[in-house]
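I opened my notebook for a friendly look through this model. Here is what I looked up, entry by entry.

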Amino acid sequence: MPKIQKNISLFLIIILILLICKNTNFFKNLYDVTSKNHDSRQQDVYDFCEFFGTGYVFYIKNKFNLSTPPEIKNFERSPQQYWIFGKNFKKIDKDKLIILNKTKNTKLKDNDFKILDNFRNRCFYMVKK
Amino acid sequence: MTELINISSYTILLSLLLFMPFFKKRFLITKKISLGEYDLPVLNILFLTNLFLIFSIFNFTITQVTSVFYSIIFIFLIFFFSNFKKLLFPKNIIYFFIFYLILLLIFSIDLSKNLSLYWDAQKMWLPKAISFYNDGLIKDLKNTAYSHYSFLGSLLWAFFWKISGSEYEYFGRIFFLAIYLFSILNLLSLISVDKNIKIILFLILTLITYDYWLFRGTQEILVFSFLLILSKYLLNLFMDHKNVNINLLNIFLCLNLIIWTKNEGIVLSLVILFILVIFFKKTTKFKLTLIATLFSMILVRFLIFKFNGLDFDLSKDFEFSNIISIFLNNFTIINLALISKYIIFSLFKFPHIVLSMFFALAIAFDKRLFKKFIFLYVYLILSIFLIFLIYLSSPHDLDFMVSTGSMRLMLEFSAPNLLFIIIFLKNKFKI
């Protein structure tokens with residue numbers, strides 16, 4: 001291959017790599033991965049207190065330093081969120097409860113549980129009294 | 001910063017794993033086989049992934065498999081350094097390795113930032129992966145949702161998560177990236193051009209096919225990658241009459257992986273078998289052997305499920321006893337238009353499908369080429385027909401089913417269509 005062609009192809013390779021970096025937000029991602037921890041990045045990418053409520057479950061897990069999952073009840077149709085607790089995802093602690101997407105008409109079991117976290121009267125974290 | 005260092009070192013480890021030649025040329029079964037510089041790594045990775053599957057079938061836990069894996073790597077390293085000069089390690093491979101590694105790193109960083117998992121991944125695939133990760137066996141999958149689904153993707157997810165030494169699940173998904181990039185690079189080995197041009201094509205193909213959407217924990221990207229590896233050997237089989245055995249070996253290794261990755265992989269493997277039987281010019285006895293081999297592989301898959309007490313259904317979304325009446329009931333212009341609409345949407349979602357269709361059309365105008373590669377057009381028609389068949393046989397709300405699944409089906413079935421691009425370039429520029 002002549003030298004000029006080689007240089008052009010190398011130039012093209014660099015342009016394409018930069019284009020891929022731009023498309024994937026490489027430099028911003030790099031900054032985020034170095035500056036934010038895994039759980040806060042997880043919280044950023046999911047909805048907080050709507051649909052799956054994944055962000056809220058992450059928030060509660062971190063705030064109360066939970067290693068096993070509380071019972072999770074979601075009033076929206078969604079996959080179970082126990083996977084957030086990794087290898088302990090099957091060891092559900094029935095004394096703790098996360099409520100997601102509570103509607104106005106739904107009543108909470110206030111007598112049995114104490115509310116430890118309330119997000120806009122929609123998502124709750126509760127423990128048995 | 002620690003996480004970034006972990007990601008970087010893990011991508012280097014994965015790249016080495018996918019590129020290292022684990023065989024010496026003279027170890028291969030027959031001397032008639034002449035393997036290209038890419039074929040050895042392909043054989044390695046296909047054997048390795050099939051081996052993980054066999055280990056899990058024989059009730060090895062992930063921790064045990066990881067120990068075996070590290071032992072093999074240790075033995076290999078001793079072997080590698082003592083036989084360095086005798087091993088096949090072409091210079092071009094090192095050049096491609098560097099660019100492969102750069103892309104794997106860029107996409108891994110994207111994965112580690114985005115992290116979000118799709119509904120199916122949260123409900124089905126990750127719980128299965130966690131079960132394997134915690135040394136669960138196949139029989140333990142009956143406690144997970146959709147236990148009748150094939151599980152190879154979750155097994156690989158768990159294994160590569162385990163060997164990463166990290167607590168984060170996405171390290172397992174980096175392997176999905178690795179095999180995807182590897183399958184594209186492997187496809188490009190079909191054309192003989194300068195290494196820089198090949199890298200440019202590699203970058204363009206990844207630019208038009210990569211999307212984080214594919215790596216949200218769903219399994220279609222694995223089927224796509226295995227099917228893309230298979231496509232290369234399918235083309236070799238029909239075009240180049242040498243190395244029939246090695247091409248067939250690669251094809252059947254890929255088919256086995258596809259069968260164990262997704263349930264629709266079983267149907268997909270039958271489509272590939274149909275193409276093989278119709279277009280492969282061999283004796284009837286030989287073709288019967290191919291049919292028997294694939295059906296045995298499918299039978300083994302069902303027997304293993306039955307043996308481990310898992311659900312036997314192919315899909316719970318279908319009522320197989322009433323499938324014909326459901327199909328006839330769904331067979332309306334409105335439903336056909338609905339499915340067509342989402343197939344057209346997927347063309348916009350995945351530019352490589354549009355590009356493939358464009359080149360398929362261009363090749364169709366050349367009678368000689370069209371006749372030569374008619375098997376690809378048959379595959380294209382069968383795969384689209386299959387999508388219609390799947391959805392028209394569904395008893396559920398068709399709009400919901402098609403809107404949530406058709407694009408993923410189009411993606412996984414689209415891998416062999418990339419051959420249209422390669423064939424066009426090969427014939428137009430004589431490369």
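Predicted model: local features only at pLDDT ≥ 70, side-chain atom pairs only at ≥ 80, totals over all residues.

**Entry 1, F60(B).** I started with F60(B), which is partly exposed at a relative accessible area of 32%. My scale for this calls a residue buried under 20% relative accessible area, exposed over 50%, and partly exposed in between, with a 1.4 Å probe and protein chains only. F60(B) sits in the loop between α2 (39-57) and α3 (62-82) of chain B. Helices here are DSSP runs of H or I with at least four residues, strands are runs of E with at least two, and both are numbered from the N terminus.

Which residues does F60(B) touch, not counting those up to four places away in sequence? I found F55(B), V65(B) and L137(B), where contact means heavy atoms within 4.5 Å. Of these, L137(B) is 77 residues from F60(B) along the chain, and their C-alpha atoms are separated by 7.4 Å.

Residues are numbered from 1 along each chain as its sequence is written, chains are lettered from A and ligands numbered from 1 in the order in which they are written, and side-chain values use heavy atoms, with hydrogens and water left out.

F388(B) is buried, with a relative accessible area of 17%, whereas L389(B) counts as partly exposed at 32% relative accessibility.

Leaving out residues up to four places away in sequence, F388(B) touches L336(B), I339(B), S340(B) and I343(B). I also checked F388(B) against N335(B): they are 53 residues apart in sequence and 9.3 Å apart in space, C-alpha to C-alpha. For L389(B) I took A129(B), 260 residues away along the chain, and the C-alpha atoms are separated by 30 Å.

How many helices and strands does chain B have? I counted 19 helices and 0 strands. The radius of gyration of chain B is 21 Å, close to the 22 Å that the globule rule gives for 431 residues, so chain B is as compact as a globular protein of that length. That radius is taken over C-alpha atoms, and the rule is 2.2 Å times the number of residues to the power 0.38.

The C-alpha trace of chain B spans about 65 × 55 × 50 Å along its principal axes. Buried residues account for 58% of the 431 in chain B. Taking contacts in chain B between residues at least 6 apart in sequence, I see that 81% join residues at least 24 apart.

Chain A has 4 helices and 4 strands, and from the N terminus on they run α-α-α-α-β-β-β-β. The C-alpha atoms of chain A fill a box of roughly 80 × 30 × 25 Å along the principal axes.

Buried residues make up 43% of the 129 in chain A. For contacts in chain A between residues at least 6 apart in sequence, 47% join residues at least 24 apart.

Most residues other than glycine have a negative phi. F51(A) has a positive phi near 50° and lies in the loop between α3 (38-45) and α4 (54-63). N65(A) also has a positive phi near 50°; its place is the loop between α4 and β1 (70-74). Is N65(A) buried or exposed? At 69% relative accessibility, N65(A) counts as exposed.

The contact takes 39 residues from chain B and 37 residues from chain A. Together the two chains bury about 3,400 Å², 74% of it on carbon and sulfur atoms. Buried area here is the accessible area (1.4 Å probe) that two parts lose on being put together, summed over both. K113(B), W119(B) and Q122(B) supply 21% of the area that chain B buries against chain A, more than any other three residues.
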